[in-house]
Structures are given as C-alpha cells and as structure tokens.
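Hi,

Here is the structure I promised to pass on.

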Amino acid sequence: MKLLALYWSFMIIAYVLAKRLKKRDYDFSWTPKAMMIVVYLLCLDMGLRMGINEEVTSSLGSIGVTSLIVTICCAGGSIGAITLTRKIFRMDRHGDLIGEGAAETGTRHEVTWEEKLKNLKTTIIIIIVVGGGMAIGALVIAGMFSDYLEAFDRISYYALVITLCFLMFFVGFDIGSKEGVFESIKTVGLRVLAFPIAAMIGTMIIGTASCIVMGFSMRESLAICAGFGWYSYAPIVIASAGQQYIIASAVSFMHNVMREVAGIILIPLIARKFGYIESTGLPGSAAMDVCIPIVEQSCRPDTVIYSFITGFMMCIATSVGVPLIMGV
C-alpha cells in the first residue's frame, strides 16, 4: 500500500503540474521520449532480474506457450464481454443504436504493413532490451558474480521502485498534457464506460481461470491478468514483490507484449468480423495510444473515443490493481 500511494502521488502531482503548464502553452514534445527512456531502463532492470534466476532461463519455452494461452483467453474474454454488453445496449456491430443510425460508409484507409511495423517499433526495441538484460544477467552477473546475487537483487529492487516513480510521473504528465477524458465521455454518453468495464471483467474471469488451470496461485493469476497489456509496468510490480514471483512476472511481460502486438496486427480483422467496439478491447492499455491510429483507420472516427476511454481505464485499473494484488 505504501508503494501504491507513492506511485500515485507522483502521477497526481505530475498530472496537476501538466494541467497548469498546458494553460501557459508549454511545449510537451519531450515527454514521450523521456517516458520511453524510463521504460527502457525499467525493462533492462527487469531483464537482468530474470536473467539471474535459473528457474526463468531454464523454462523460457514453457513461459512462451503459457503466455500465448493467457493472451488468447484474456483477449477472447474481453471481446466476448464487449459483444454481450453491446447487445444489451441494443447496438449494432458498428456502435450505432439499432434503429437510430446506420454505419458510416465510404472508403477507409487500409492499414499497411509498413504502418503496423512502425507501431511495432517500440515493442520490438523493448523485447530486445529485455532479452539483452536477460542475457547479461544469465551470462555475466550469474556466471561471473554468483557470490553477489543477493546484493544485486536488493539493489535492482530499489532501482525498480525508483524508476517506477519516474514512470508514473511521466504517465501523469502525459495524461495531463492531453485533452480531458471527461469531455470525451460527454461526447458519447455514459454508456461508453460500460465497455471498458466489461472488457476488464471478461479479461479477469477468463484469463484468471486459465492461469489457475496452468498452475499459478490466485494472487499470481489475478496480477498477470490485471496487467491489461501494460508490459512496462505490471510485470515490474509483480517482480518487485519478491523472487518467488519471477515466473509470474515473466509470463506477465510476455503476455502483455503479445496482447499489444495482437492489437496492432489484428484490430482490422476483429473490427470486420466482430465489431468496431470489440476491436478496442483487444490491445488492452495500448488502445489509448499506440493502437488509436489503427482503430481510427479500421473503424470510424467516433470509435476512437471508445478506444481511448478503454485504454485509459485499463491503465488506471492496472496502476491500482496490480500493487494491491501483490501487496506492495
């Protein structure tokens, strides 16, 4: 609880600061780059911690398979829950109330592979950083400095906490620099909130069940699924709870990366086969940033509001839920 209060304090302070600076036409262009530097440092630290753990390095294959299964279950639960909610609200697959509007027609820009690869760039870099950290941890630190692993684990833990504070600061700063969420809610109506809630419930029910079946404890299962695609935060919080959770942290990282990648690649397919709003539940928290251009191009401009609110609420849920679940 103390760490949760610490993280949120940084985020709230940064949010208020950004709101005030916004009124003065402050230039926020540097914020995304600064945030990504912090994310890379976090992922490097996490990779090092995974690398020195023999249990992780010896079971990478099974971790990958487990992560894929969890991703399929979480994404499927999210999409299914959104579909059920949409039918309850009597909305068609384009997001219109039945009998009160027709789907917007016309030519839409087809998302090219070049555009998808551009969106994947950050994810690819993070995978490389984590992989490099694991290699250094396993081959250098664990191999050459095996007598100092306990000290390294303690130092890397404090580094995680400090760097997470910086990450939450930049998250709050970035949110505060953008147009308000509440204005977006007013545009569509309060029913827009039902879809993120449904997506999170679907993720937690189906995803948690799959994790338990695969041998994780209830705490680990809930924490893995509550990441909602935020791979630069959730797995690090899980890892900070102790080395006994390092496997759960590794699965959380790989699963959340897979969920974002699936969103980048499959949003057009999900929008076409299932529904526009359903596509916003696929990528998790990435629905509010990386995947917004793909949602806009694959669906309609108004679907972006659903996407942003879904990603935003999932980020909030992750930032509160994972620390609470892990007791940090």
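Let me start with a helix pair: α4 and α11 cross in a right-handed sense. Bear in mind as you read that this is a predicted model. Helix α4 covers residues 60-88, and its axis lies 8 Å from that of α11, at an angle of about 50°. The two helices are therefore oblique to each other. On the α4 side, the contact involves Ile 63, Gly 64, Thr 66, Ser 67, Leu 68, Val 70, Thr 71, Cys 74, Ser 78 and Ile 79. Facing them from α11 are Ile 247, Ala 250, Val 251, Met 254, His 255, Met 258, Arg 259 and Ile 270. Sorted by type, the residues of this α4 and α11 contact come out as 11 nonpolar, 6 polar and 1 charged.

Helix α11 (residues 246-273) also meets α2 (residues 31-51): their axes come within 10 Å and cross at roughly 135°. That angle makes α2 oblique to α11. The crossing of α2 and α11 is left-handed. Here Met 46, Arg 49 and Met 50 of α2 touch Ile 246, Ser 249, Ala 250 and Phe 253 of α11. The residues of the α2 and α11 contact split into 5 nonpolar, 1 polar and 1 charged.

Stepping back to the whole chain, what is the secondary structure made of? The protein chain has 14 helices and 0 strands. Of its 328 residues, 53% are buried. Among contacts with a separation of 6 or more, 81% are between residues 24 or more positions apart.

Arg 86 sits in helix α4. Is this arginine buried or exposed? Arg 86 counts as buried, because its relative accessible area is 6%. Leaving out residues up to four places away in sequence, Arg 86 touches Met 91, Asp 92, Arg 93, Phe 195, Phe 274 and Glu 278. Arg 86 and Ala 198 are 112 residues apart in sequence, yet their C-alpha atoms are 9.8 Å apart in space.

Thr 310 belongs to helix α14, which spans residues 303-326. With a relative accessible area of 1%, Thr 310 is buried. Beyond residues up to four places away in sequence, Thr 310 touches Pro 196, Thr 280 and Gly 281.

Gln 243 is in the loop between α10 (234-240) and α11. Gln 243 is partly exposed, at 25% relative accessible area. Not counting residues up to four places away in sequence, Gln 243 touches Arg 49, Asn 53 and Asp 153. The C-alpha atoms of Gln 243 and Asp 153 are 8.5 Å apart, although the two residues are separated by 90 positions along the chain.

Now the cysteines. How many disulfides does the model have? The count comes to 0. A disulfide is a covalent bond between the sulfur atoms of two cysteines. The cut-off used here is 2.5 Å between sulfurs. The cysteine sulfur closest to that of Cys 225 belongs to Cys 74, and at 3.8 Å it is too far away for a bond. Cys 225 is buried, at 0% relative accessibility, and Cys 299 is buried too, with a relative accessible area of 0%.

Asp 25 is not a glycine but has a positive phi of about 60°. Asp 25 lies in the loop between α1 (2-23) and α2, and is exposed at 71% relative accessible area. Arg 90 is the other: also not a glycine, with a positive phi of about 55°. Arg 90 is in the loop between α4 and α5 (113-144), and is exposed, with a relative accessible area of 55%.

Over to you!

Terms used. Residues numbered from 1 in each chain as written. Predicted model: local features only at pLDDT ≥ 70, side-chain atom pairs only at ≥ 80, totals over all residues. Heavy atoms only, no water. Axes fitted to C-alpha atoms, helices over the stretch in contact; angles between N-to-C directions. Helix = DSSP H or I, 4+ residues; strand = E, 2+ residues; numbered from the N terminus. Parallel < 35°, antiparallel > 145°, perpendicular 65-115°, else oblique. Left-handed = near helix turned anticlockwise from the far one by under 90°. Contact = heavy atoms within 4.5 Å. Nonpolar A, V, L, I, M, F, W, Y, C, P; charged D, E, K, R; others polar. Buried < 20%, exposed > 50% of the residue type's maximum accessible area, 1.4 Å probe, protein only.
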